[in-house]
Amino acid sequence: MTPPLCHAVALPGRGFTLVELLVAMLLGIMLSAGMVTAYLGTKHSAFYQDQLARMQENGRLAVWLLSREVVMAGFFAGLMAPHTQTPAAEIAQCGATKWVLNIALPLDHVDNHERGTTPVATGAGVLSCLHGDQIKDGTDILLVQRTAAEPSLSHGSPAGRLGVSRVKSWYLRVQAGAPAGWEWHAPAGLGEAVASDPQANYWKGLSRIFYVRTFSNPGDKLADMPTLCMETIAGNAMESRCLVEGIEDLQFEFGIDSNGDGVPDRYLEAPSQNQIRNAVTVRIHLLVRSIASIPGWVDEKTYMLGRKYLASRRDRYIRRVLSTTVLLRNRLRPALLRSERL
């Protein structure tokens, strides 16, 4: 007997109802919104952390650069009483006091510069090599004079980094039995200067002015990018070089030794020229700002840089205050020797 054949039975088709479709769409939208929110949150957090890390790195670099310059202020080839011979007239100058390489003023200061005016240092006077309208209002300016930490030419042997440049620079010539003095040489020809006397040592002179400029790129002077810059002697001219972006404020306090024991008795923001000569420590205060603004961030903090109070900016930049105290080793050393003699 032949079994009956099985026939497939087609069921009537059934789609989504309008309510089901709306619910599915709502769930899809909620899922997509959650994914977008999580992505944006992650992106915002990564951007914030990147700006924070960069800001902290810039701040540490600026503190290191300034600390090194301050601790080296007044170092002239390791001499206890360096010769004060003034370089020849062709040396670049920065004001009527002939501050550049006038080693009688190895450390000087401008307290709370007023933007738009020409800066006036405590001892060096008018700093004509600076553009007062480019310096951030209310920030301090520091002047440092010294020689390089190592000689460019030692007993006739050039340093490895001496180079072959023919651009002339000033060198402090130091030789036993003779007074030290400044001489004008090109690195490429410096070896010839000691051909007749291999016992002479030559130390490159460095004169630097540190300040906060309102912009970093010279081609974009309207941009709001506060930057730590340096005016430095280069050949026979003063040259601007920017070092670290995001430095918004710079303040100094000088620890004054009133009794010659090598210990600061008080800290002053605007010491006189004689008081600066008796400074043995310097407090450095920096206000560091992020390079870019942070979406959704509002800076409502207030800041203290030493004794200077800064109100909340209420903008979208993150900021931090970095401070350190630096010992003026080259100013402290003579004081300690005097106290030992006593």
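Biologist: Where is R213 found?
Modeller: R213 is found in strand β9, which covers residues 201–213. Keep in mind that this is a predicted model.

Biologist: What does R213 touch?
Modeller: Leaving out residues up to four places away in sequence, R213 touches Q134, I135, P218, M225, P226, T227, C229, S240 and C242.

Biologist: How do you know that R213 has no salt bridge?
Modeller: Look at the nearest side chain of opposite charge. That is E231, 6.7 Å away.

Biologist: Which backbone oxygen does the side chain of R213 reach?
Modeller: The one of S216, at 2.9 Å. The cut-off for a polar contact is 3.5 Å, so this pair falls within it.

Biologist: Why is T214 called buried?
Modeller: Its relative accessible area is 12%. Buried means under 20%, so T214 qualifies. T214 is found in the loop between β9 and β10 (227–234).

Biologist: What does T214 touch beyond its sequence neighbours?
Modeller: With residues up to four places away set aside, the contacts of T214 are R115, Q134, I135, K136, A223, D224, M225 and P226. E245 is a separate case: T214 and E245 are 31 residues apart in sequence, and their C-alpha atoms are 9.9 Å apart in space.

Biologist: What makes R289 and D224 a salt bridge?
Modeller: Their side chains meet at 3.2 Å, N to O. The limit is 4 Å, so the pair passes.

Biologist: Why does the pair tie together parts apart in sequence?
Modeller: R289 lies in strand β14 (residues 279–289), while D224 lies in the loop between β9 and β10, so the bridge links parts 65 residues apart in sequence.

Biologist: How many salt bridges does the structure hold?
Modeller: It holds 15 salt bridges. One of them joins R241 and E239, with the closest N and O atoms 2.7 Å apart.

Biologist: Why is R241 called partly exposed?
Modeller: R241 has a relative accessible area of 37%. Buried is under 20% and exposed is over 50%, so R241 falls in between. E239 counts as partly exposed too, at 35%.

Biologist: What makes D315 and R319 a salt bridge?
Modeller: The N to O distance is 2.7 Å. That is within 4 Å, so the pair counts. D315 is partly exposed at 22% relative accessibility, whereas R319 is buried at 2%.

Biologist: Which residues do shared partners join into one network?
Modeller: Salt bridges that share partners join D224, E248, R289, D299, R313, D315 and R319.

Biologist: How many residues has the largest nonpolar core?
Modeller: It has 63 residues, and L107, I284 and L286 have the most contacts inside it. Helix α1 (residues 18–72) gives the largest share, 9 residues. Apart from this core lies another, of 5 residues, including L153, Y171, L190 and Y202.

Biologist: What is L286 in contact with?
Modeller: Neighbours within four places in sequence aside, its contacts are G59, A62, V63, L66, I247, D249, L250, L305, R320, V321 and L322.

Key: Residues numbered from 1 in each chain as written. Predicted model: local features only at pLDDT ≥ 70, side-chain atom pairs only at ≥ 80, totals over all residues. Heavy atoms only, no water. Helix = DSSP H or I, 4+ residues; strand = E, 2+ residues; numbered from the N terminus. Buried < 20%, exposed > 50% of the residue type's maximum accessible area, 1.4 Å probe, protein only. Lys, Arg positive; Asp, Glu negative; His and termini not counted. Polar contact = N/O pair within 3.5 Å; in protein donor to acceptor, adjacent residues only side chain to side chain. Contact = heavy atoms within 4.5 Å. Core = buried A, V, L, I, M, F, W, Y, C linked by side-chain atoms within 4.5 Å.
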